Structures are given as structure tokens and as C-alpha cells.
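I have opened my notebook for a first look at this one. Here is what I am looking at, and my entries follow.

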Amino acid sequence: VGAARLFGQELRVWSERDALKSELVRAVARSGSGAMYFASSAGVAEYHKGVWTYPRGLGGASHDVAAGPRGALWVATERGLLLYSGGKLRRIDSRRGLIDDEQLNVAVDHLGRVWSRGPASLTVVTP
């Protein structure tokens, strides 16, 4: 199917023919700047001001994506959580406190805490 946007009565759908590397979109997040992020088996795609880009370092399969405060982007992957902020990438995995390397879901609450779920765990990250 791909990614879709409904604006008023207009429905726009993007697929691999347009710009997506994978039509199997698993999650969507909107940043404070208005950029949209799409998690898929081909990584994270960013759509902002009519342009599709693929942030460097976020090309691996991703299960979920969440936008945090100050432009931070959190990504749940098979190899842990990724924090993408200011063009820099940081990985949090079992060597850095997670119980499971595989992370299935990620969410950011109103206090800026990051909640992540693995197959056998629920973790709260306080950045």
C-alpha cells in the first residue's frame, strides 16, 4: 500500500513507484517541525515539505518510530533502540541496559520519557 495522506477531500498515496524504498510501512510519526517519518523493512523515510529523504544511519529494518522533544527521533529495531538527533545516531541495546535487543514498539510520553517494548520486556528510557 505505502504511505497515504488525507488532506481535506484529497487522498495522496506514495508507493515504491514514487519514492518509498518499501511499501510495507509499519509506523508513522510527526515531528514538531512538521516532518513525517515512516518506519518500514527498508528503514526510516522522512517526508518534509514535499521531499522524501532517508536519514543516514536509519537504513536498517525498523518496527516503530516516535518523535521526541527537540527534534529527537526514536526507532525500534531488531538491534535495539536508535536515537537520531541533530544528524547523530546513538544505539541503545542489551549491552547498554535493554533486556531484549529486538524492540517492537517505541513511544514518547508527555514528560519526554521513552517507552520501548521488546518480546519479553517493557523499558523506560529517561534521556
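What does the pLDDT of the protein chain average? I found an average of 91, with 99% of the residues scoring at least 70; pLDDT is the predictor's confidence in each residue, from 0 to 100. I keep in mind that this is a predicted model, where local features need pLDDT of at least 70, side-chain atom pairs count only at pLDDT 80 or more, and totals for chains, interfaces and linings use all residues. Residues are numbered from 1 along each chain as its sequence is written, and side-chain values use heavy atoms, with hydrogens and water left out.

Next I compared confidence along the chain. Strand β1 (residues 3-7) is lowest, at a mean of 87, and strand β11 (residues 105-108) is highest, at 97. Strands here are DSSP runs of E, at least two residues, numbered from the N terminus.

Then I turned to strand β4. Of its five residues, 36-40, four are buried (under 20% relative accessible area, 1.4 Å probe, protein chains only).

Which strands join β4? I saw β3 (residues 25-30) run antiparallel to β4, joined by five bridges, and β5 (residues 43-48) is likewise antiparallel to β4 with five bridges. Two strands pair if DSSP finds at least two bridges between them.

Val 28 has Phe 38 in β4 as its bridge partner, while Ala 39 stands opposite Val 44 in β5.

My last entry is on the hairpins. The one of β3 and β4 has five residues between the strands, and Gly 34 takes a positive phi near 95° there. The hairpin of β4 and β5 has two residues between them.

How values were computed. Buried means under 20% relative accessible area, exposed over 50%, partly exposed in between (1.4 Å probe, protein chains only).
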